[in-house]
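Have a look at the picture before reading on.

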Amino acid sequence: VIQMAKREAMQARSLWFDTKNEELLERALHGGYTGVLLYPENVERLLPRIGKRVLKLLVLAPSDAIPATSSTSDFIFASRDAYALDSLRAKGYPTCLQAHVIDRKSLEDAIALGRQHDYLLMSFQDPTNIPLELVIASLQNTQTILIKKIADTDVEDAVVSLGVMEVGADGICFSPRNH
């Protein structure tokens, strides 16, 4: 059952846009992006521009509180703080762990912690796809959806990431800086 659910999610690959670069938001939404990363400082301003079918990830820093005026049921909560996400997950909210891999320990920690969340949004210091292959293999029998964060100018990495190990990441977060 897990494998079937994972396959269905892969057929509808995720493409997320980071709203730190707001000027291309409209183009991204019209271009088929399936999710957006929002922040406490821009969520109320940008939310009316985002359709109901687009995933809305609210990225929280450890000190951030959930904005009181937002409908919390509309969000997936994302953070690098696994402890804060555990608290939100215990309350029934969907969560996304953000992780940056710089060495073997950070890779192993990301995999172990990421399994506990609905989504794992990863970026890698190493330009090779070997660490990505290890994450894909480790998460294959889980329900965690793996999204690889791509550098803002590396279109080739975006394409390759979706085909690594003939399976690829479940999606990518790609936020180009220009058209």
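The report below goes from the barrel to its strands and then to its aromatic pairs.

## Before we start

This is a predicted model, in which local features need pLDDT of at least 70 and side-chain atom pairs count only at pLDDT 80 or more, while totals for chains, interfaces and linings use all residues. Residues are numbered from 1 along each chain as its sequence is written, and side-chain values use heavy atoms, leaving out hydrogens and water.

## The barrel

Helices (H or I, at least four residues) and strands (E, at least two) are DSSP runs, numbered from the N terminus. Strands of a sheet pair through backbone hydrogen bonds, either parallel or antiparallel. Here, two strands count as paired if DSSP finds at least two bridges between them.

In what order do the eight strands close into a barrel? The order is E1-E2-E3-E4-E5-E6-E7-E8, and the pairing is parallel. From one strand to the next, the twist averages 25° (axes are lines fitted to C-alpha atoms, for helices over the stretch in contact, and angles run from 0 to 180 degrees between N-to-C directions).

## Around strand E2

E1 and E2 run parallel and are joined by three bridges. Trp-16 has Gly-35 of E2 as its bridge partner, and Asp-18 stands opposite Leu-37 in E2.

Buried means under 20% relative accessible area, exposed over 50%, and partly exposed in between (1.4 Å probe, protein chains only).

## Around strand E5

Is E5 enclosed or open? Six of its seven residues are buried, so E5 is largely enclosed by the rest of the structure. Three bridges connect E5 with E4, and the two run parallel; Phe-77 stands opposite Thr-95 in E5. The way from E4 to E5 leads through H4 in a right-handed β-α-β crossover.

Together with helix H5 (residues 104-114), E5 and E6 make another β-α-β unit, which is right-handed. H4 lies across E4 and E5, at about 165° to E5. H5 packs on the sheet and touches E5 and E6, its direction making about 170° with that of E5 (contact means heavy atoms within 4.5 Å).

## Aromatic pairs

Rings of Phe, Tyr and Trp (its six-membered ring) pair if their centres lie within 6.5 Å; planes under 30 degrees apart count as stacked, over 60 as edge-to-face and the rest as tilted. By this rule there are four aromatic pairs. The rings of Phe-17 and Tyr-33 have centres 5.6 Å apart and planes at 90°, so this pair is edge-to-face. Phe-17 belongs to strand E1 (residues 14-18) and Tyr-33 to the loop between helix H2 (25-30) and strand E2 (35-38), 16 residues apart. Phe-17 is buried at 1% relative accessibility, and Tyr-33 is buried at 13%.

Phe-77 and Tyr-93 form an edge-to-face pair, 5.2 Å centre to centre with 75° between the planes. Phe-77 is in strand E4 (residues 76-79) and Tyr-93 is in the loop between helix H4 (82-90) and strand E5 (95-101), so the pair ties together parts 16 residues apart in sequence. Phe-77 is buried at 0% relative accessibility, whereas Tyr-93 is partly exposed at 23%. Ring pairs link both of these residues and Phe-75 into a cluster.

Key: A crossover is right-handed if, with the strands pointing away from the viewer, the path from the first strand over the helix to the second runs clockwise.
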